[in-house]
Amino acid sequence: MTEPVAAPADPPATSRRRPDLAVAALSLGLAVLVTAGLWADPNHRTIKVNSSDQALFEWLLAFGAHALTHAENPLFTHLMNVPDGVNLAVNTSITVYAVLFAPVTLLAGPQWSFVVILTLNLAATAFAWYLLLSRAFRLPVLAAAVGGVFCGFAPGMVSHANAHLNWTAGWLVPLLVWRVFALREPGRWRRNGLILGVFVAIAFSIAAEGLFFTALACGVFLGVWALSRRAEARAALPPFLRGLAVAGGTALVLLSYPLWLHFFGPQRFHGTGFDPKVHNEDLAAFAAFPERSLAGVAGLGTGLAPNPTEENSFFGLPLLLLAIACFVLLWRRAEAGRRAVLRALAVTAGVFFVLSLGPELKVDERLTGIPLPYAALGSLPVFNAALPARLALVVIPLIGVVLAYALAALGPRPAPAWLGAFAVALLPLVPVPLHTSVYEPVPRFVTSGTWREYVSDGGVLAPLPPTSDVLPDGQRWQTYALAHRQGEFRIPAGFFLGPGGPDGKGRIGPVPRPSADLLFEVARTGVVPPITDADRAAAREDLRYWGAEAVVLADHVHGAKFPAHPEALLRATTELLGPPQRVEDVWLWRA
């Protein structure tokens with residue numbers, strides 16, 4: 001495939017070492033800056049705006065290490081959502097990370113694994129894009145560094161650093177792109193297909209939604225390019241298709257069980273319960289500034305995302321204008337073959353820009369009633385499990401590539417006007433540290449192992465309030481027990497995606513039992529409603545359904561989205577189940 005600018009001769013390996021180390025150090029330094037609040041005390045600090053997802057990923061890391069050391073199935077568990085269990089293959093199970101970081105998890109704790117992975121994800125994403133641009137696309141160091149660092153620390157990446165270990169694993173994308181382009185090499189289709197298939201399997205186990213988006217983007221880009229360069233495309237097609245077949249076969253073999261579990265296994269679902277008209281990108285968000293940036297700190301941030309983890313575009317108007325100017329510069333200087341690449345970049349960016357807007361156009365947080373193409377795709381398999389707003393993340397590397405190629409085209413000494421334009425566009429987007437806060441402590445009842453006196457190994461402990469995405473303490477207790485090899489206790493409910501949503505789609509957590517609903521509202525509001533004999537009977541029935549051996553309420557309860565009310569929970573549960581006994585720092589009811 002012809003590149004948009006002429007590729008210089010490869011420099012000696014020794015001359016690459018110093019700039020490579022500089023870019024790696026810059027990438028790691030920015031990653032530590034973004035995650036600095038967690039590094040202050042990894043064992044007790046949490047992402048403030050998304051502590052529930054952090055609790056989930058820490059649980060996944062602890063469970064993965066436990067499954068590895070106990071020869072258990074890492075993709076299905078009965079430790080949560082008793083008696084039905086949880087299909088982790090349809091959740092974000094990050095299996096590869098859980099296995100690779102099992103020694104860290106077991107020696108230092110899943111909290112350390114979490115912050116290490118999050119930090120390395122950001123740094124590796126920037127450095128991997130730098131390597132792709134400097135090695136595969138053979139751009140000058142400065143151009144490749146600017147493009148790579150932008151891709152690693154663009155607003156969407158920093159936003160998802162609010163506890164998303166899957167979406168921050170953006171280093172997978174340049175690896176996949178590199179190996180997809182390598183499929184055209186004649187005579188090496190078996191080797192290249194095998195390598196790509198392994199990378200696909202790894203990507204599926206870390207960020208399946210990101211893998212889907214990458215495949216779509218590669219398909220759009222290559223399709224548009226092939227239409228422009230038919231003769232080159234025909235020549236490259238035979239080795240490409242052979243390599244692609246090998247890649248597909250390799251990935252299918254490696255992922256045969258996870259895919260079966262995902263599409264046909266127990267506790268599966270098809271399509272999430274998230275509303276695509278809520279999780280679609282606001283048109284105004286593309287020109288807005290992100291919260292965790294210099295511009296956001298200066299008060300230029302907006303509330304155009306559904307939550308702080310979903311600022312998927314937020315490029316700012318100066319960067320959009322710069323990207324357009326860079327594209328025009330490259331187009332004017334490019335011959336026909338290079339214009340084909342630029343055309344493919346532009347069309348791919350346009351397609352994902354439009355799709356990210358979802359089924360109905362939203363401007364300044366108001367739905368306009370204007371239908372968009374995603375409305376025809378949202379019900380299709382796989383599309384129905386993706387959030388349309390996240391399709392805007394595909395635009396990040398496309399902008400990064402254009403910026404890098406434009407810097408290369410401008411030469412070693414760009415005009416001051418161009419340098420000023422890059423500064424005005426990029427400096428406001430420099431990231432600042434994420435907001436963090438302190439977790440409520442795991443009770444001594446758990447950390448000391450006292451729970452084993454009241455719950456048999458593998459028995460059911462029912463935490464109060466019932467574990468959910470916004471009240472994750474029960475899952476955090478289980479994380480501690482697994483990571484510290486205390487044994488297993490199971491819990492009702494939990495934070496996971498499972499069946500039971502509207503129209504046969506998925507939902508967060510199980511369909512609530514009556515007592516779980518009642519106690520959730522008590523935790524949320526602090527109000528204890530009148531407790532009737534019917535409520536007491538329903539609570540006892542729920543305990544029998546779960547097979548609970550003990551019900552436990554700690555003195556401190558973590559609420560991820562609102563303050564919880566343990567005093568009200570104590571009053572409500574006492575009325576439901578009778579007086580509790582005090583055990584260390586918890587209230588306990590024997591079931």
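Mentor: Helices here are DSSP runs of H or I with at least four residues, strands are E runs of at least two, and both are numbered from the N terminus. This is a predicted model, where local features need pLDDT of at least 70 and side-chain atom pairs count only at pLDDT 80 or more, while totals for chains, interfaces and linings use all residues. Residues are numbered from 1 along each chain as its sequence is written, and side-chain values use heavy atoms, with hydrogens and water left out.

Trainee: Got it. How many cavities of 30 Å³ or more turn up in the whole structure?

Mentor: The search finds 4 of them. On a 1 Å grid over the protein atoms alone, a cavity is a set of points where a 1.4 Å probe fits but cannot get out; a pocket is an open set with protein on both sides within 12 Å along at least five of seven lines; and lining residues have an atom within 4 Å of a point. Points are joined across faces, edges and corners, and a volume is the space filled by probe spheres set on them.

Trainee: What volume does the largest cavity have?

Mentor: About 610 Å³. It is lined by 36 residues, and those nearest its centre are W129, V173, V177, V394 and P397. Two or more lining residues come from each of α6 (110-136), α9 (172-182), α10, α15 (336-356) and α17 (395-410).

Trainee: Which element gives the most to that lining?

Mentor: That's α10, with 9 residues. By class, the largest cavity's lining has 29 nonpolar, 6 polar and 1 charged residues. Nonpolar covers Ala, Val, Leu, Ile, Met, Phe, Trp, Tyr, Cys and Pro, charged covers Asp, Glu, Lys and Arg, and the others, Gly among them, are polar.

Trainee: Let's stay with α10. How far does it span between its end C-alpha atoms?

Mentor: Helix α10 (residues 189-228) spans only 24 Å, whereas a straight helix of 40 residues would span 58 Å at 1.5 Å a residue. The expected span is 1.5 Å times one less than the number of residues.

Trainee: Where is the kink in α10 centred?

Mentor: On A207, and the kink is about 125°. The bend at a residue is the angle between axes fitted to the seven residues ending there and the seven starting there.

Trainee: Back to the holes. How much space lies in the second largest cavity?

Mentor: About 120 Å³. Its lining counts 14 residues, with L464, S515, L519, L543 and W546 nearest the centre. β7, α21, α22 and α23 each give two or more residues to it. The lining holds 12 nonpolar and 2 polar residues, and no charged ones.

Trainee: And the second largest pocket, which residues lie nearest its centre?

Mentor: A493, G509, P510, V511 and P512, out of 27 lining residues. The elements giving two or more are β9 (506-508), α21 (514-525) and α22 (533-546). The pocket's space is about 490 Å³, and its lining divides into 16 nonpolar, 6 polar and 5 charged residues.

Trainee: In which sense does β7 pair with β10?

Mentor: Parallel, over 5 bridges, with β7 covering residues 460-464. Two strands pair if DSSP finds at least two bridges between them. A462 has V551 of β10 as its bridge partner. On β12 (residues 586-590), β10 pairs in the antiparallel sense, again over 5 bridges, and V551 stands opposite W589 there.

Trainee: What about A71, what is its phi?

Mentor: Positive, about 55°, although A71 is not a glycine. A71 belongs to the loop between α3 (51-69) and β2, and it is exposed, at 74% relative accessible area. D503 also has a positive phi of about 55° without being a glycine; D503 is in the loop between β8 (497-499) and β9 and is exposed at 76%.

Methods:
Buried < 20%, exposed > 50% of the residue type's maximum accessible area, 1.4 Å probe, protein only.
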